[in-house]
Amino acid sequence: MEADFHKSKTMIFPRDVRVGHGVLAELPDVLHDIGIVPGQREVLIVTGGRTRKLAGDAAAKLLSDVGYHVETLEVHGATMPEVERAIAAGRGRGSGVVLGVGGGSIVDVAKLTAFHLDVPHVSVPTNAAHDGITSPRASIKEDSGSASKQANTPHAIVADTAIISQAPYRMLAAGCADAISNSTAVLDWKLAHRLRGEEYSSFAAVMAENAADIILQSAGVIRPGLEESSWVVVKSLIVSGVSMSVAGSSRPASGAEHMFSHTLDQLAPGTAYHGEQVGVGSIMMMYLHGGDWQAIRDALAQVGAPTTAKGLGITPEIMVQALVRAHHNKPDRYTILGDKGLSQDAARELLRVTGVV
Ligand SMILES: [Zn+2]
């Protein structure tokens, strides 16, 4: 007799994704597509001081010129008080959509604000430093480091490469490293599937791996001052974000290399970028997996992302501590670090053999 079938799954994707030169001008179109029309509820633009000049004010003008009521709110960093301030602003004015115009932390504040207001969210990134610009999760700074909070997948993404290519190149290199790190995140996921029977989606895994491959294969042509480089990296980060939507978790894009990076955030806050840390973490975790860690190191070096502790500006001793403690960062996420993590000696040896220290 056939067993009853009870499996079900929900996947929520962005409905309208626009990437390329000058796509900011298409914002009114994008809002129409997600059902927000002029004369109805207000548009809340969450932006930063610098990003407001770069794109926030232009976005507000584009929308008000065609009849939208727009309110702009400047926020300073992704902290809960700033999120609460944005929620209060949105609630007070009855906002019907939230646009995050800025870097990762601005987009995260907008994402969480929209989630709490229960309205659509549009991601308008001004840099491509990590995959948070497209993911359903928001990273919020707390006293004990950063916390990843549940939000919604953006209803739409408007990634204007003319704007993104004006951001410091270091950010784009960090975005490359975040995408490359999917290679080890997926290996960790496969391991957890085989060892623990964790739910696994080959579709999500293939997408996440593809996002990494896009960068591994084009590392040689990604360089400063080239708008096409921003195009390649944004496309890869969007694929990465969608892989998380398919999986329903950050699994395909976040494994032991991310746990190592989150631990570094606690031990050496504000030293290196997220992408830079996970890139170096990915070199080491690929070594532990017995994979081609040199290919990861070489691609990172080619795009100009750090491959050493020195490049991150972090002391060898803190690197050892971060490696030894990393498995505590997400105890329920099974990875190559296992339940016990690395010993001090094994951590030192790992740093030495991969040339990170
Ligand atoms: Zn990441």
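Which residues of the largest nonpolar core touch the most other members? Here are a few notes on this predicted model, starting with that one.

1. The core in question has 36 residues, and Ala128, Ile215, Ile222, Val233 and Leu300 are the ones touching the most other members. Two or more residues each come from strand 8 (156-160), helix 6, helix 7 (182-196), helix 8 (202-218), helix 9, helix 11 (274-289) and helix 12 (293-303). Helix 9 gives the largest share, 8 residues.

2. Leaving aside residues up to four places away in sequence, Val233 touches Ala128, Leu172, Gly175, Cys176, Ile215 and Ile222. A second, separate core of 24 residues includes Met259, Met284, Leu342 and Ala347.

3. Next, the helix pair. Helix 6 (residues 169-180) packs with helix 9 (residues 227-247) at an angle of about 35°, the axes being 10 Å apart, and the crossing is left-handed. Helix 6 brings Leu172, Gly175, Cys176 and Ala179 to the contact, while helix 9 brings Ser229, Ser230, Val233, Ser236 and Leu237. By type, these residues are 5 nonpolar, 4 polar and no charged.

4. Now the sheet: it is open, with 6 strands in the order 1-8-5-4-2-3 and parallel pairing. Strand 1 (16-20) and strand 3 (70-74) form the edges. On average, neighbouring strands are turned by 15° against each other, direction ignored.

5. Within that sheet, strand 4 (residues 95-102) and strand 5 (residues 121-125) pair in the parallel sense over 5 bridges; Gly102 has Pro125 of strand 5 as its bridge partner. Helix 4 (residues 104-117) packs on the sheet and touches strand 2, strand 4 and strand 5, its direction making about 170° with that of strand 4.

Methods:
Residues numbered from 1 in each chain as written. Predicted model: local features only at pLDDT ≥ 70, side-chain atom pairs only at ≥ 80, totals over all residues. Heavy atoms only, no water. Axes fitted to C-alpha atoms, helices over the stretch in contact; angles between N-to-C directions. Helix = DSSP H or I, 4+ residues; strand = E, 2+ residues; numbered from the N terminus. Left-handed = near helix turned anticlockwise from the far one by under 90°. Contact = heavy atoms within 4.5 Å. Nonpolar A, V, L, I, M, F, W, Y, C, P; charged D, E, K, R; others polar. Core = buried A, V, L, I, M, F, W, Y, C linked by side-chain atoms within 4.5 Å. Buried < 20%, exposed > 50% of the residue type's maximum accessible area, 1.4 Å probe, protein only. Pairing = 2+ DSSP bridges.
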